[in-house]
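Subject: Structure for you to look through

Hello,

Here is the structure I promised to pass on. Please open it beside this email and follow along as you read.

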Amino acid sequence: MPRNPLPALLAALGFAAIYAVAASGSPAQALRSFFVGPFSSAYALLSLLDAASPLVLCALGAAIAFKSGAFNLGGEGQASLGALAAAVTLGASGSGGFLGGAVPPWVALCLAFAAAALAAALLALASALAERWTGAEVLLTSFLFSQATLLAVDWAVSGPLRDPDSNLLAMRAIDTGLLLPRLAPPAPLSVGAFLALAIVLAAAYLLKRSRHGYELRLHGQNPAFSRAQGFGSSIELWPLLLSGALHGLAGALLVAGTAGRAVKGMTGGIGWNGISVALVAGADPLAAIPASLFFAWLDAGARNSSIVADLSPDASAVMKAIVLFLVTAAPRRRRSGKGVRA
Amino acid sequence: MSLDGLAALLAAGLAAGAPIALAALGGLLTEAAGALSVALEGAMLAGAFAAAAVAVTTGNAALGLAAGLVAGALVGLLVGYAAGRLRADVFVAGLAANLLAPGAASLLSEEFFGTKGVIPAPALAGAPVFAVMALAAIVIVAAYSLTPFGLRLRAVGERNEAARAAGLNSGAYRLGAHLAAGAAAGLAGAALASKIGAFVPGMSSGRGWIALVAIYLGAKRPGGVLLASLAFGLLISLSNAAQAFKDAPAELFLGLPYLVTALALILGKALSARKAAGRGGRWLP
């Protein structure tokens, strides 16, 4: 049941406009920096695309869980665990690491992405198995496991694994030779964007056309019917496994593409934003592409207007909340009297 | 551990459990009405911010606590309005509230106090928050178990059609439950701010979520919810006490309550005979 997300998006932009006019000493400049700023230079535009790349993977992860009838609330922790796994793998493959240059860069990158996907998938699997065995809701356990993981990753990155020579709460910078090649340095956009795009396109195709995709959608719409059709119970597990893996890949992309190292708190709400993007996109993988670009634009606009003008970067959090409040809304056109069901 | 130490730990557990219990009892009202609000976390943070902001402006602790209650109720109103009149999914609207509260707090804090960080509110410290929270909890439990309002609320949650046929305006009852839940969580947040005499960004630190789990673990009954909340309070104060040791990894101890909550939830489900009815009823795109 896709609903029209347009009112929600317009309401958020309306808030941005009102906030810029009300709170800024120079409204015209604030408005321009917010709405146009993210497109005003090649660097800004490439940064926007770079921010949208891991986000669309998170959105896809959330959407696959939605389609199968589950709510994965643990994306944030899964992404951060993936980021940590990728950073550790790349660190070990780099100079001074215990694999110390023994593996070629592309093998190291493949290993890092595989480790990230695997670690995050296992975290999601824990929730799926708990629901299968005891009935504890994925919705709750995925969130709780994720929060614990998030704090543990923060501890590892800023504690035992921290780079002692740096003031940052971060791990050692990864050798540049082991990072995803950037398309137009110094802009952060890397080949990771193509990877994300390819994964989304493949998922869109598989979800619509393959037998597994059909099985997944059928289970999401009516679990009892899907069982009666003889589809196995593994369908309760692997969509969440996949959802976790996609969040892990997003984390790896943050490390190997954007940041070049694991930093404390680096996921910065990307898991939550992924849920919002998936909702805006009606859990459609292809629609997640423009939706994640929209969210990346909100972030970039708010950040830009806090640098160029005198607004708060947190305006984007409020805008995202407004989108989330309204995106599932379906008000009745005309109320036909009290107590009467439409 | 000495007897004094044990008593101190219990007292600390009670103090840490009280805000969770109050928020959970508020949440229980929404659960009873068939529209569980996950916005407790956001309402708590909004309450903490409003309490500190008003206390620092007026220098009056009572006004601060009242502001916390009102701010929480406003969050509840938003969720109730979105889920009721706008027919949004109540769960997603709750998530939105949890996203809105920290963002709006930071925005307002920068606008009016020129900081995105800590807002010290010494006027708020030392208020008799435990007594206020206990009173609020008693009011909620009494309204839920003893009054016609509580009975009708449960009727709306259990058999909405029957409640409507009996002439109840179920939308109004749900909105009322969201308002009360928000107010309770807001007051709990104000108590958090009062305890340390300041607002700290993110200070609700998952207590609203833990309150939700307490509702489940407490088998959706007031007594059980109270017990579960106090158990979590004990857990939090234990991990706080452990944190005081030298070189203790703070983040790991902060993460512990989440992990134990998850394990308690799974264990509780495993031990209870009835399995979850499945994921039916949740709105999905």
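In chain B, the side chains of B:Lys220 and B:Glu31 meet in a salt bridge, at 3.1 Å from N to O. The two partners are distant in the chain, 189 residues apart. B:Lys220 sits in the loop between helix 9 (207-217) and helix 10 (222-243) of chain B, while B:Glu31 belongs to helix 1 (residues 3-32) of chain B. B:Lys220 counts as partly exposed because its relative accessibility is 36%. B:Glu31 counts as buried because its relative accessibility is 18%, and the cut-off for buried is under 20%. Please keep in mind that this is a predicted model.

In general, side chains of opposite charge can pair when their charged atoms come close.

Chain A has a linked set of them. Salt bridges that share partners join A:Asp163, A:Asp165, A:Arg172 and A:Arg261 into one network. Take A:Asp163 to begin with. Its side chain meets that of A:Arg172 in a salt bridge of 3.7 Å, N to O. Are these two partners buried or exposed? A:Arg172 is exposed, because its relative accessible area is 52%. A:Asp163 is buried, because its relative accessible area is 7%.

A:Asp163 also forms a salt bridge with A:Arg261, at 3.6 Å from N to O. A:Arg261 lies in the loop between helix 10 (238-259) and helix 11 of chain A, and A:Asp163 in the loop between helix 6 (138-158) and helix 7 (192-209) of chain A, so this pair ties together parts that are 98 residues apart in sequence. Both A:Arg261 and A:Asp163 are buried.

Next, the backbone. As a rule, most residues other than glycine have a negative phi, and most peptide bonds are trans. Look again at the loop between helix 9 and helix 10 of chain B, where B:Lys220 is found. B:Lys220 is not a glycine, yet its phi is positive, about 60°. B:Ala219 is found in that loop between helix 9 and helix 10 of chain B too. Its phi is also positive, near 55°, and B:Ala219 is likewise a residue other than glycine. B:Ala219 is partly exposed, because its relative accessible area is 33%.

Where is there a cis peptide bond? One joins A:Pro185 and A:Pro186, with omega about 10°. A:Pro186 is found in the loop between helix 6 and helix 7 of chain A. A:Asp163 lies in the loop between helix 6 and helix 7 of chain A as well.

Now the helix packing. Two packed helices are described by the angle between their axes and the distance between the axes. In chain B, helix 1 and helix 5 (residues 129-146) pack at an angle of about 25°, with their axes 10 Å apart. Helix 1 and helix 5 of chain B are therefore roughly parallel to each other, as angles under 35 degrees count as roughly parallel. Helix 1 of chain B passes helix 5 of chain B in a left-handed crossing.

In chain A, look at helix 11 (residues 270-280) and helix 12 (residues 285-308). Their axes come within 8 Å and cross at roughly 130°. Helix 11 and helix 12 of chain A are therefore oblique to each other. The crossing of helix 11 past helix 12 of chain A is right-handed.

Then the surface of chain B. Which residues make the nonpolar surface patch of about 380 Å²? They are B:Leu69, B:Val70, B:Leu74, B:Leu77 and B:Leu179. Helix 3 (residues 61-84) of chain B gives the largest share, 4 residues. B:Leu179 lies in helix 8 (residues 170-196) of chain B. B:Leu179 counts as partly exposed, because its relative accessibility is 32%.

B:Ala50 and B:Gly72 are 22 residues apart in sequence, and their C-alpha atoms are 8.8 Å apart in space. B:Ala50 is found in helix 2 (residues 40-58) of chain B, and B:Ala50 is buried, because its relative accessible area is 13%. In chain A, A:Gln78 and A:Tyr19 are 59 residues apart along the chain, with their C-alpha atoms separated by 34 Å. A:Gln78 lies in helix 4 (residues 75-93) of chain A and counts as buried, because its relative accessibility is 2%.

Best wishes

Definitions and conventions:
Residues are numbered from 1 along each chain as its sequence is written. Chains are lettered from A and ligands numbered from 1 in the order in which they are written. This is a predicted model: local features need pLDDT of at least 70, side-chain atom pairs count only at pLDDT 80 or more; totals for chains, interfaces and linings use all residues. Side-chain values use heavy atoms; hydrogens and water are left out. Patches are made of residues with over 30% relative accessible area and no salt bridge: like charges are joined within 9 Å, nonpolar side chains (Val, Leu, Ile, Met, Phe, Trp, Tyr) within 5 Å. Accessible areas come from the Shrake-Rupley method with a 1.4 Å probe; for residues, only the protein chains shown count as cover. A salt bridge is a side-chain nitrogen of Lys or Arg within 4 Å of a carboxyl oxygen of Asp or Glu. Helices (H or I, at least four residues) and strands (E, at least two) are DSSP runs, numbered from the N terminus. Buried means under 20% relative accessible area, exposed over 50%, partly exposed in between (1.4 Å probe, protein chains only). Axes are lines fitted to C-alpha atoms, for helices over the stretch in contact, and angles run from 0 to 180 degrees between N-to-C directions. Angles under 35 degrees count as roughly parallel, over 145 as roughly antiparallel, 65 to 115 as roughly perpendicular and the rest as oblique. A crossing is left-handed if the near helix is turned anticlockwise from the far one by less than a right angle, and right-handed if clockwise.
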